[in-house]
Amino acid sequence: MQEFLSGIELFRDLRPEELGQVAATCTARSLEAGHVLFEENAARTGLFLIRDGEVELFKRTPFGEEKRLAHFRAGDFLGEGVLMNEDPHSTSARALIRAEVLVLDAARLGALLRTQPAIGVKVLSRTARVIVRRMRSTTARVIDETAQYVSGRTRREHDLLGERDVPHEYYYGVQTLRALENFPISGVTLDLYPALIEALAWVKMASARANQELGLIPTPIADAIVRACEEIIDGKLHNQFVVDMIQGGAGTSTNMNANEVIANRALELLGHEKGAYDHCHPNNHVNCSQSTNDAYPTSLKLAIIRSNEKLIAVLQQLIASFRAKAGEFSGVIKMGRTQLQDAVPMTLGQEFEAYAATLAEEVERLEQNARLFLEINLGGTAIGTGINAAPGYAQKAVEYLREATGLPFVLAPNLVEATQDTGAFVIYSSAVKRLAVKLSKICNDLRLLSSGPRAGINEINLPRMQPGSSIMPGKVNPVIPEVVNQIAFKVIGNDLTVTMAAEAGQLELNVMEPVIAECIFESIEMLKNGMATLKHRCVDGITANVRHCRTMVERSIGLVTALNPVLGYETCTTLARIALEEDRSVYDLVLERGLLSKEELDRLLDPETMLAPTVRKGVDR
């Protein structure tokens with residue numbers, strides 16, 4: 001029992017005789033699967049050490065639903081808060097399978113710590129460090145309720161700068177830990193973009209297969225790396241990708257986060273503890289024949305291609321909605337406007353069909369520009385010379401990546417150029433910006449066309465989504481177009497950032513790729529969400545004020561344009577001026593002055609005849 005206790009984080013500083021005194025407070029218990037160790041809001045009675053089996057920590061929602069918070073195994077401990085305060089348990093714990101647990105009685109252990117100050121200082125010091133670490137994780141990522149429930153165990157890892165203790169259950173390692181400390185920048189972490197995490201796994205898997213074929217990695221290790229990558233591609237361990245998207249080092253922290261997670265999962269699959277890097281090393285094995293400078297941009301390109309497919313799918317749904325409205329409104333006559341002034345009649349259907357057509361153009365642009373990402377520099381390593389990669393590695397890695405993803409990747413003809421070039425990101429970001437600009441223009445139109453209801457254009461009604469004022473009763477705002485406008489502004493700003501970051505590249509590498517990546521992924525995600533919201537919560541529910549639309553056409557001075565070919569520009573200008581000054585209709589003025597017969601005038605001023613080109617015979621007057 002003393003040997004087991006010596007491996008528990010809380011008791012690492014105790015001498016053998018002190019461990020013996022702690023052991024005297026222990027009671028061994030065998031738990032069947034489903035047995036509850038403690039329940040939420042129950043009084044704390046002891047500290048629980050798991051000798052064998054598995055225990056889960058969970059919490060019940062107000063509706064009775066259970067949410068799993070953490071999963072503990074042999075060597076982990078629960079309930080250390082009993083050493084620090086008398087608050088009841090905030091969570092519940094139960095055995096998942098048959099488990100052996102040591103229970104340190106709270107009263108006896110507390111008495112020991114009070115009567116043996118040396119033991120108390122050591123144990124409480126370790127306990128405080130565990131709690132501080134949990135609180136740091138919680139503060140950094142408040143959105144993740146499970147972050148505070150780490151087991152308290154650590155493993156010692158080292159890198160160029162020295163040694164650090166890494167929480168035992170984390171799959172990332174010391175370099176990721178340093179990145180967490182160095183880059184608390186945006187709060188936007190890798191796990192918010194699953195496409196990028198999966199792309200990193202695809203690249204590492206292809207590299208492992210190429211290295212295995214070239215004899216650079218033993219088959220068992222390569223197989224374990226591939227299995228770990230497959231799990232990540234399947235959606236597992238994404239919460240272990242924790243570094244900020246914006247970081248110094250040209251993406252090295254992202255690359256090492258992936259290397260460490262994959263290595264530690266591979267170690268488990270090989271039957272080793274996390275951190276036993278002699279058997280599978282993040283750099284020597286997972287990163288073999290690679291550099292951040294080829295693995296990271298290749299992953300970015302793959303992730304953008306996949307994200308672009310989803311962006312286009314949402315865009316096509318929005319296009320379909322506008323097209324459906326175009327059909328629904330095909331018979332609604334309204335006034336067309338230029339420079340916010342009355343122009344000539346059209347149908348509301350033509351207006352909405354124009355929105356569908358302009359957005360449809362962007363599908364081709366996005367697809368065309370995304371194809372630029374199929375050219376990659378995998379195998380170029382640090383600067384494109386391929387140093388530390390075996391002959392033939394680049395070709396084999398690209399072949400494996402092509403086979404695994406089904407995408408026709410090709411190796412760039414000049415890897416030195418490809419390693420420093422970010423032109424494809426600039427062009428694609430520009431296409432995303434163009435889509436955002438068009439969406440924003442359409443939303444401006446929707447806001448204008450629905451303005452009113454009494455003192456505006458009021459040709460269409462947007463779905464009423466929420467009250468629009470804290471002071472003006474009855475007011476309803478066009479909140480969905482407004483939010484899409486704001487998304488567009490952000491995307492336009494992101495495009496400028498991408499442009500500046502691409503320009504900032506120096507010599508053989510552009511170190512600004514992390515902010516390029518963050519901007520592009522954010523723009524894609526915001527546009528996807530914005531377009532889906534626009535479709536479902538706005539466009540699909542738009543209705544037309546048919547009678548009002550036609551009345552404005554009939555009263556519009558713009559009708560005089562239809563008389564130009566017959567009466568001439570000068571006569572029509574005079575008619576328009578008088579109609580406006582005297583608040584009269586063009587129709588009445590033409591008849592009053594005997595310029596046309598009623599039959600001819602009715603034919604010429606029929607709004608339906610103005611919706612397309614027609615053959616008309618001019619009249620010399």
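Predicted model: local features only at pLDDT ≥ 70, side-chain atom pairs only at ≥ 80, totals over all residues.
Lys438 is in contact (heavy atoms within 4.5 Å) with Thr358, Leu359, Glu361 and Glu362, once neighbours within four places in sequence are left aside. The residue lies in helix H14, which covers residues 423-449; helices here are DSSP runs of H or I with at least four residues, strands are runs of E with at least two, and both are numbered from the N terminus. Lys438 counts as buried because its relative accessibility is 16%; buried means under 20% relative accessible area, exposed over 50%, and partly exposed in between, with a 1.4 Å probe and protein chains only.

Residues are numbered from 1 along each chain as its sequence is written, and side-chain values use heavy atoms, with hydrogens and water left out.

With a relative accessibility of 32%, Ala404 counts as partly exposed. Residues up to four places away in sequence not counted, Ala404 touches Trp202 and Met205. Tyr296 is 108 residues from Ala404 in sequence, and their C-alpha atoms are 18 Å apart in space.

Turning to the strands, four of them form an open sheet in the order S1-S8-S3-S6, with antiparallel pairing; two strands pair if DSSP finds at least two bridges between them. Strand S1 (26-31) and strand S6 (77-78) are the edges, each pairing on one side only. Strand S3 (residues 46-52) runs antiparallel to S6, and two bridges join them. Phe48 has Leu78 in S6 as its bridge partner.

Stepping back to the whole protein, there are 21 helices and 16 strands. The radius of gyration, taken over C-alpha atoms, is 34 Å, well over the 25 Å that the globule rule gives for 621 residues, so the protein is more spread out than a compact globule; the rule itself is 2.2 Å times the number of residues to the power 0.38. The C-alpha trace spans about 120 × 65 × 40 Å along the principal axes. Of the 621 residues, 50% count as buried. Among contacts between residues at least 6 apart in sequence, 72% join residues at least 24 apart.
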